[in-house]
Amino acid sequence: MSALLTDLLADPALRLRPLTSHCHEGPRAISWVATTELPDPLPFLRAGELMLTTGMLERSPREWDVLLRRLAALPVAGLGFGTGLVHQEVPKDVVERAEHAGLALFGSPVEVPFVQISRWVADRVFAERYAQVRRTADVQDTLLRELLSGRGLPGLLRRLHGHLDAGAVSVTAPDGRLLARHPATPEGPASGTPGTPGTPITVDGAPVARLATERATARQDLLSFAASVLGLEVARQQAVLTGRRELLGQVVEDVVHRAVPDAEARRRLAAHGIDPAAPHAVVLARVPAGPARLRALPWTLGPLLDRGGDVLPTALVEDSVAVFVPEGVDADATAHTVLERLRATGPGVRVGVGARRPGVAGLRLGWFEARQAGSTGAGVRTAAPLSLTGLLLGNLDLPLRELSDTVLAPLLRYDAEHGGELLRTLRTYLAHDARPAPTAEALTLHRNSLRHRLRRIEGLTGRSLDRLDDRMELWLALHAREADGEATG
């Protein structure tokens with residue numbers, strides 16, 4: 001219950017005497033009690049407080065008038081004037097000026113100490129605050145139970161809408177897309193926009209969505225609690241979804257590496273919703289942010305909020321996401337959707353799209369096609385017909401990057417120490433089929449200078465550019481470096 005001035009004055013145990021008509025004007029809530037004899041107590045008072053004084057300090061009529069008007073303007077809940085110590089009765093001019101100022105003034109007899117009044121107020125203030133905390137805890141418990149029940153997010157938004165009285169309650173993605181709303185408009189839950197900035201829903205410190213209301217609400221505490229609970233629920237569902245994706249990822253790795261017979265591969269793929277007999281396109285995305293962020297940060301928020309799985313079979317393999325697209329679904333549109341979602345993990349996402357083929361062998365080939373296409377640059381890249389080079393560079397079992405590091409290390413060191421362009425020269429020379437004239441022209445270089453560079457390349461690498469085997473080794477090393485995302489000069 002609230003601490004009201006009318007209830008305070010009506011308590012017979014306190015024997016307080018209302019002295020102005022303003023003591024009975026509507027409910028005046030008392031937030032706290034301040035006992036003071038200061039010449040100017042206003043800097044230490046807040047609106048809604050009850051001021052108690054014995055009038056110990058002598059004040060002129062003008063000083064009383066100024067003080068009473070300032071107290072009424074603050075406004076305080078009322079002024080209690082203690083009698084029996086300094087003043088036997090409240091001075092009449094003080095009563096008249098308080099009446100004129102619009103201040104609730106009452107007398108307090110010496111037999112009732114101010115501390116008794118303070119305790120009366122404190123008991124009710126604490127009781128009211130406890131009741132508020134209890135009501136808030138009950139509402140929070142209701143919201144939590146609603147979310148964890150089978151009703152999930154729709155149930156939580158419905159309950160939240162009933163408690164906030166702030167219009168529709170919405171959950172939106174960082175890009176502004178509406179993910180959920182209550183109540184849904186006639187056009188469906190995807191229509192309409194939230195009217196307030198809202199409260200961020202975070203996972204692992206990163207904002208993944210916003211919880212907003214149509215109108216401003218005084219119950220920001222409930223909105224913040226609901227956002228926190230939603231963040232925990234999204235993180236929990238993300239862990240479940242990540243587990244499913246990693247299980248499929250293990251199957252995909254076995255298929256790609258031929259670790260299991262094709263019959264076993266077909267059985268395991270079917271268990272994860274992939275019909276190996278039907279044609280599938282492989283969309284393969286690589287995330288520079290690394291595996292940890294890929295697994296922790298929700299980049300498909302819809303399935304998490306709906307407590308559902310991925311719309312299309314999705315696998316996690318190290319720092320890559322593989323989506324298997326059946327017939328009837330646009331693989332290119334899927335690739336762009338994957339790109340947009342994965343951009344939440346950081347820049348530089350590479351997405352490759354392989355051709356649609358049936359069978360386990362078709363999936364394996366599509367994987368390498370998509371991997372080769374994605375290695376050509378950021379964004380979405382559609383695979384060209386797979387070449388022998390692509391198969392070699394896409395084979396995860398071959399230590400091509402190690403070969404590249406070993407073979408090209410002397411050239412990299414030389415270029416770094418001397419500001420040279422041996423790596424670029426080698427790349428251009430091999431790209432022009434080891435022909436000096438077009439190589440020199442492409443590099444804007446004299447032929448003698450080109451010959452000098454080529455001899456230095458041979459000396460540093462220990463390979464002869466006249467031998468086909470050595471040229472092939474250098475060529476593979478350069479392409480392995482490119483496929484791994486490194487610049488070649």
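The chain folds into 17 helices and 14 strands, where helices (H or I, at least four residues) and strands (E, at least two) are DSSP runs numbered from the N terminus. This is a predicted model, in which local features need pLDDT of at least 70 and side-chain atom pairs count only at pLDDT 80 or more, while totals for chains, interfaces and linings use all residues. Residues are numbered from 1 along each chain as its sequence is written, and side-chain values use heavy atoms, with hydrogens and water left out.

Of the 489 residues of the chain, 45% count as buried; buried means under 20% relative accessible area, exposed over 50%, and partly exposed in between, with a 1.4 Å probe and protein chains only. Taking a contact as heavy atoms within 4.5 Å, 65% of the contacts between residues at least 6 apart in sequence join residues at least 24 apart.

A search of the whole structure finds two aromatic pairs. Rings of Phe, Tyr and Trp (its six-membered ring) pair if their centres lie within 6.5 Å, and planes under 30 degrees apart count as stacked, over 60 as edge-to-face and the rest as tilted. W32 and F126 form an edge-to-face pair, at 5.8 Å centre to centre and with 65 degrees between the planes. Because W32 lies in strand β2 (residues 32-35) and F126 in helix α4, this pair ties together parts that are 94 residues apart in sequence. W32 counts as partly exposed at 34% relative accessibility, and F126 is also partly exposed, with a relative accessible area of 46%.

The other pair, W64 and F81, is tilted, with 5.9 Å from centre to centre and 35 degrees between the planes. It links W64 in helix α2 (residues 61-73) to F81 in strand β4 (residues 78-83), 17 residues apart. W64 counts as buried at 7% relative accessibility, and F81 is buried with a relative accessible area of 0%. The ring of W64 also has the charged end of R59 sitting over it, 5.3 Å from the ring centre; a charge sits over a ring if NZ of Lys or CZ of Arg is within 6 Å of the ring centre and within 35 degrees of the ring normal.

Finally, V110 lies in the loop between β5 (105-109) and α4 (114-148), and at 41% relative accessibility V110 counts as partly exposed.
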